[in-house]
Amino acid sequence: MNGYSIIDVDTHVTEVPDLWTSRVPEKMKDKVPHVAKDNRGREWWFLGDQRIASPGLSATAGVGDMKSWPSSYEEMHPGAFDAKARLKYMDEMGIWAMVMYPNVGGFGNQAFLKLGDKDLMLACVRAYNDWQTEWAAADSRRLLPITSTPFWDIEASVKEVQRCAEMGHKGILFTGEPQSFGEPVIGDKHWDPLWEAAVDLDLPVSFHIGSGNMEMGLSKEKVKTYGKMATFAALSVDIFLTNGIQLSDLLVSGVLARFPKIQFVSVESGIGWVPFALEALDYQFLGNRVAEERPDLEMLPSEYFARNVFACYWFEQTAPRRLIDKVGIDNILFETDFPHPTSLYGEEVHDRIRTGLDDCEPEVRRKILWENAQKLYKVEEPSKQDEARLSS
């Protein structure tokens, strides 16, 4: 490995146990997410008395999997929750920068809706964003926070995006299907203040997989009939393809016509489905003479995608070898999803890159692994001292 060669656009940071309890007002501390142990000594996140998730399930890279995850922070890869350890791991892998997403609040920040109190929900969002900023301060050139939004309150969302932009955040996390939470659809002008803020601040908007309603994902009937792991495998693909549905929605919503400079990122959904989705959408768009009804849509859906949307890949091998030109060289980003169960870890990172991109010209490879992300997230180049440290 010669120097830094990767900007990783989707990773997660395992939230520390006192993230919320140490940051919200005293009267809220018994209601916010907190970690407690069960009678077997395993650590869990709780909302009040309700157990919601295991910290270890979001941090299996190098130490476990979906069937056997770390039962405590001590068993995790330290880079899951410790910023200095994360930077050390990045140096080992030749990864210059990582974009960071949450776990506990949900991949669209929707989990806080369970709290049912808007003041409490906003306090939790702000506490997370503050903690993420502090975590990234270990090296703000390389650890790139994305602002979680209280999307159920448009005015609060705009204020939070503006506040976090001043703290150096690099993007905006939003749900790809707000209608599933009783909010207006993406194309409704209700959301225009948020899109205006994104354009004014030059921040991309992320649709991370799993940002919609996940309540029926692991239904008891499917788990009983198929088995838990088979059901989870199918669910994983379901949520990849759900981003395709959200993307189709976005491309005909009018948002990209009203805000030609806005940028969206389909995070962790892969890229192999993109050519089919675009071809099918163009076919239906033309066949149904959509432009007659919607004169605001002056371009084909595929043209809006090319101008305004990015997609991320990590494990795929077919798409990088055969479909790059169909997705668009300028529209593809690389991720590892560290330290999640589905992540690339250790040597697998470079193995997957090598077998997937070896047929590409060096210029194409560099665009996908570095230049597209550097431009989108305005990433500072490593200094000579940084490169020297890596090679020493």
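Predicted model: local features only at pLDDT ≥ 70, side-chain atom pairs only at ≥ 80, totals over all residues.
**Entry 1: H8 against H10**

I started with helix H8 (residues 274-287) and helix H10 (residues 301-308). Their axes come within 8 Å and cross at roughly 135°.

Next I looked up who makes the contact. H8 brings Val274, Leu278, Leu281, Asp282 and Phe285, while H10 brings Pro301, Ser302 and Phe305. Sorted by class, I get 6 nonpolar, 1 polar and 1 charged residues.

**Entry 2: the buried side of H10**

Which residues of H10 are buried? I find Pro301, Tyr304, Phe305 and Asn308. Looking down the axis of H10, I see them fall within an arc of 105°, so they line one face of the helix. Pro301 and Phe305 also turn up in the contact with H8.

H8 is part of what covers these buried residues, and the cover also includes helix H6 (228-253), helix H7 (255-258), strand E10 (264-267), strand E11 (309-313) and helix H12 (324-327).

**Entry 3: Glu43**

Then I moved to Glu43, which sits in strand E3 (residues 43-47). Is Glu43 buried or exposed? I have it as buried, because its relative accessible area is 13% and the cut-off is under 20%.

Leaving out residues up to four places away in sequence, I list Val35, Ala36, Lys37, Ser54, Pro55, Ser71, Ser72 and Tyr73 as touching Glu43.

Last, I took a C-alpha to C-alpha distance: Glu43 and Pro70 are 9.1 Å apart in space and 27 residues apart in sequence.

Terms used
Residues numbered from 1 in each chain as written. Heavy atoms only, no water. Axes fitted to C-alpha atoms, helices over the stretch in contact; angles between N-to-C directions. Helix = DSSP H or I, 4+ residues; strand = E, 2+ residues; numbered from the N terminus. Contact = heavy atoms within 4.5 Å. Nonpolar A, V, L, I, M, F, W, Y, C, P; charged D, E, K, R; others polar. Buried < 20%, exposed > 50% of the residue type's maximum accessible area, 1.4 Å probe, protein only. Arc of directions from axis to C-beta.
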